[in-house]
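This report describes selected local features of one structural model, ring by ring and element by element.

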Amino acid sequence: MNKRLGYSLAAALLVVTMLGNEASALSYKSTQRPIEIILDGQKIKFHDSRPVVSTSGTTYVPIRVVSEQLGAKVTWDARQGKAVIAKGDSRIELTESSKQAMVNGTIVALDAPMVVQNGRTLVPLRFVSEALQVEVKFDDKSYYIFMKSNQYDESAKYDPYGRKIRTTNLPKNAQDFPYILEDIPNEMYEMELYKHPYLKERYKSPVVAHDHYALRVENVNEWRSRVEKYYALLLNVNYRFIDYNWAKEARNLVNTIGTDSAFRNYVDWVKNNNIQIEGGLIAEPSMVYHSGENMRMRAKIRFKIKNYKDYKSIIHDQTFHLEMNDNGKLPRYQKNVWYEGYVDVQLSSNVSGAAYSKDLMVAGTTSLFLHNAIIKEQK
């Protein structure tokens, strides 16, 4: 498998499991960006178990989610540690930790075995998909894995990223966006777009901003990369492992004045307060607009605060304790409860006045909780 598939959602598993005698352990790295899997133009939805990555570069996915998305049936034999994936005339047998599989009665060597970790069965994405006759392609610029089955609709319209556009059941403000995607709920579109109260004359909706030369695909991808890496750090914190490298990495992604001292102070606080956070953020490239003050990119967030001693500055965000914003009341975050919602991340450049730079960054004034952000307990 392509080594560049060796990235996973920032919320990848923290526990390292050795696979037999090899070093291909499922691993966690806080700056890893999320990989989104696009099947026939729509994102595969993951819930409590997402793609993870091995140190050998293999992307693993939960067996039931992907197999059932592909129209396959999965049976599990716990006594033998064996999974059987069946679809039409295709039958795949995988055994835990074994680097051999049975495909339609023929033994096939695997680059990486099936893994059972924390009660979840994970399989190598490319092997299972291609064995089920599904085309797999990785775009290392957009960080999307594209999967194309025989259900792909050739007559449908797709956006520049290969995602299916819908024309029915549109959000109330559909005219504000360049297109509406099949797999994004209306509530993400209908969250009010923020307009700076004193600079409204400079506001540009996503459909207007979409044609701005600063928002060509390579720029948007660069901004997405930095936004997702930044929040991969902020939403994945563990007092047992965090160090000043975290502070240095975070500082390099955000456009703010000064050194990384504020981030280093937070590292010390995480250790003293026994803070543990798990989560992720997925930025949406079709939802970029100008608030009048700066460019903003809409994103979906999901996080869980697992541990702390003092309910204070748990997330590195100046408005963490905000009780209310423009969209109403915000929750008081409980331990081991998943929260999710949408936020418009402010974008910036490290070159004053530049519309484009190699070093596009997250604005230092951005926040998960301010202005029009919506955050609620996951139901």
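A charge is taken to sit over a ring if NZ of Lys or CZ of Arg is within 6 Å of the ring centre and within 35 degrees of the ring normal. The model is a predicted one. Two residues placed in this way are listed here.

| Charged residue | Ring | Distance from ring centre |
|---|---|---|
| Lys312 | Trp269 | 5.8 Å |
| Arg264 | Tyr244 | 3.8 Å |

One aromatic cluster is made up of Phe303, Tyr308, Tyr311, Phe320, Tyr333, Tyr339 and Phe369.

Asn372 belongs to the loop between strand 22 (360-363) and strand 23 (374-377). Its relative accessible area is 4%, so Asn372 is buried. Beyond its neighbours within four places in sequence, Asn372 is in contact with residues including Met191, Glu192, Leu193 and Tyr194. Arg296, Arg298, Asp326 and Asp344 are also among the contacts of Asn372.

Helix 5 covers residues 217-234. At 1.5 Å a residue, its 18 residues should span 26 Å, and the end C-alpha atoms are 26 Å apart, which agrees. Of these 18 residues, 14 are buried, so helix 5 is largely enclosed by the rest of the structure.

An open sheet is formed by five strands in the order 6-7-8-9-10, with antiparallel pairing. Strand 6 (73-77) and strand 10 (106-109) are its edge strands, each pairing on one side only. On average, neighbouring strands of this sheet are turned by 20° against each other, direction ignored. Within the sheet, strand 8 (residues 90-95) and strand 9 (residues 100-103) run antiparallel and are joined by three bridges. Glu93 has Met102 in strand 9 as its bridge partner.

Note on methods:
Residues are numbered from 1 along each chain as its sequence is written. This is a predicted model: local features need pLDDT of at least 70, side-chain atom pairs count only at pLDDT 80 or more; totals for chains, interfaces and linings use all residues. Side-chain values use heavy atoms; hydrogens and water are left out. Helices (H or I, at least four residues) and strands (E, at least two) are DSSP runs, numbered from the N terminus. Buried means under 20% relative accessible area, exposed over 50%, partly exposed in between (1.4 Å probe, protein chains only). Contact means heavy atoms within 4.5 Å. Rings of Phe, Tyr and Trp (its six-membered ring) pair if their centres lie within 6.5 Å; planes under 30 degrees apart count as stacked, over 60 as edge-to-face and the rest as tilted. The expected span of a helix is 1.5 Å times one less than its number of residues. Two strands pair if DSSP finds at least two bridges between them. Axes are lines fitted to C-alpha atoms, for helices over the stretch in contact, and angles run from 0 to 180 degrees between N-to-C directions.
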